[in-house]
Amino acid sequence: MQETIAAINESVNYIQQQSNGFKPEVGIVLGSGLGGFVNEMTIQYAIPYSQIPNFPVSTVKGHDGKLFFGTLGAKNIVAMSGRFHYYEGYSMFQVAFPIRVMKYLGIQKLLISNAAGGLNPKQQIGDLMIIKDHISLLPINPLIGSNIDELGARFPDMSEPYAVNLFQQAMKIAEQNNFRCALGTYVGVTGPCFETPAEYKYMHIIGGDAVGMSTVPEVIAARHMQLPVFAISVITDLGVTDIPVKITHDEVIAAAKSAESKMSIIFKTMILEG
Ligand code: HPA
């Protein structure tokens, strides 16, 4: 639909004015407690979401809601510090919108991070999990509605949601750094409740290794545009025992923070290696 393309172009034009036409090659989405990656970049511009036309405003603790532009080695990067979740009340269109804007700014790949609950008994809090596939338990898909042909196909292929070359590269980097890191399947839910013990069990039985409240709509929007995607979870809590464990958002943020440097090393090495 023309209004969507016009809205994307309006956001892109504003951002390009504010950043002197900066052309990012890699787009990054930083999850809860994982915003510190921007310290690895040589930052040139930081634009609050609230100033960008058509951007929603992030309301969650641990998300500061800015688009950072800068470099890492020779690569131009745009990083979203803070993302939009369906549970905040945004529409799926709003959740997906910044991904579309980053694509129109010129990114050629998208790296995503998130905090997630572990479903696999082999996991420990603070582990990394590289996402090789996902299961959407969301009640809605960001592509519902008239298809925007300029963005992608009506029925997009999802046979390789996460780029195999990128997750293989990341697994090697994790191994070289001796990080506890698995390759697994992410289950996408709306939240905002954490799961019941029976739900965690169910999600593992259907093939999930981690569960979280983000990422899936972003990946769908990116793959609609045929943008290669890499995504990684930090396991911040465990839903794997039969003993119910209470979880708070603050614990999730603290666990993510403790694993942030490992995740940053993986992103940084992937970008520098190209
Ligand atoms: N469930 C859903 N989302 C999450 C969790 C969880 O256990 N941990 C962090 N995000």
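These questions and answers go through parts of a predicted model.

Trainee: In which helix is A256 found?
Mentor: The model is predicted, and residues are numbered from 1 along the chain. A256 belongs to the helix that covers residues 249-273, which is α6.

Trainee: Is A256 buried or exposed?
Mentor: Buried means under 20% relative accessible area. A256 has 0% relative accessibility, so it counts as buried.

Trainee: Which residues is A256 in contact with, leaving aside its neighbours within four places in sequence?
Mentor: One of them is T236, and A256 and T236 are 20 residues apart in sequence but 5.9 Å apart in space, C-alpha to C-alpha. With those neighbours set aside, the contacts of A256 are S32, G33, L34, A115, V234 and T236.

Trainee: How is α3 oriented to α6?
Mentor: Helix α3, residues 164-176, packs with α6 at an angle of about 120°, and the axes are 10 Å apart. Angles of 65 to 115 degrees count as roughly perpendicular and those over 145 as roughly antiparallel, so an angle between these ranges falls in the remaining class. That makes α3 oblique to α6.

Trainee: How many nonpolar, polar and charged residues does the contact of α3 with α6 have?
Mentor: On the α3 side the contact is made by L166, Q169, A170, I173 and A174. On the α6 side it is made by I265, I266, T269, M270 and E273. By class, the contact of α3 with α6 has seven nonpolar, two polar and one charged residues.

Trainee: How many aromatic pairs does a search of the whole structure find?
Mentor: Rings pair if their centres lie within 6.5 Å. With that cut-off, the search of the whole structure gives 10 aromatic pairs.

Trainee: What kind of aromatic pair do F37 and F267 form?
Mentor: F37 is in the loop between β1 and β2, and F267 is in helix α6, 230 residues apart. At 0% relative accessibility, F37 counts as buried, and F267, also at 0%, counts as buried. The ring centres of F37 and F267 are 5.7 Å apart with 85° between the planes, and the pair is edge-to-face.

Trainee: Where are F55 and F84, which also form an aromatic pair?
Mentor: The pair of F55 and F84 is edge-to-face, at 6.3 Å centre to centre and 80° between the planes. Both residues, F55 and F84, are buried. They are 29 residues apart, with F55 in the loop between β2 and β3 and F84 in the loop between β4 and α2.

Definitions and conventions
This is a predicted model: local features need pLDDT of at least 70, side-chain atom pairs count only at pLDDT 80 or more; totals for chains, interfaces and linings use all residues. Side-chain values use heavy atoms; hydrogens and water are left out. Helices (H or I, at least four residues) and strands (E, at least two) are DSSP runs, numbered from the N terminus. Buried means under 20% relative accessible area, exposed over 50%, partly exposed in between (1.4 Å probe, protein chains only). Contact means heavy atoms within 4.5 Å. Axes are lines fitted to C-alpha atoms, for helices over the stretch in contact, and angles run from 0 to 180 degrees between N-to-C directions. Angles under 35 degrees count as roughly parallel, over 145 as roughly antiparallel, 65 to 115 as roughly perpendicular and the rest as oblique. Ala, Val, Leu, Ile, Met, Phe, Trp, Tyr, Cys and Pro count as nonpolar, Asp, Glu, Lys and Arg as charged, and the others, Gly among them, as polar. Rings of Phe, Tyr and Trp (its six-membered ring) pair if their centres lie within 6.5 Å; planes under 30 degrees apart count as stacked, over 60 as edge-to-face and the rest as tilted.
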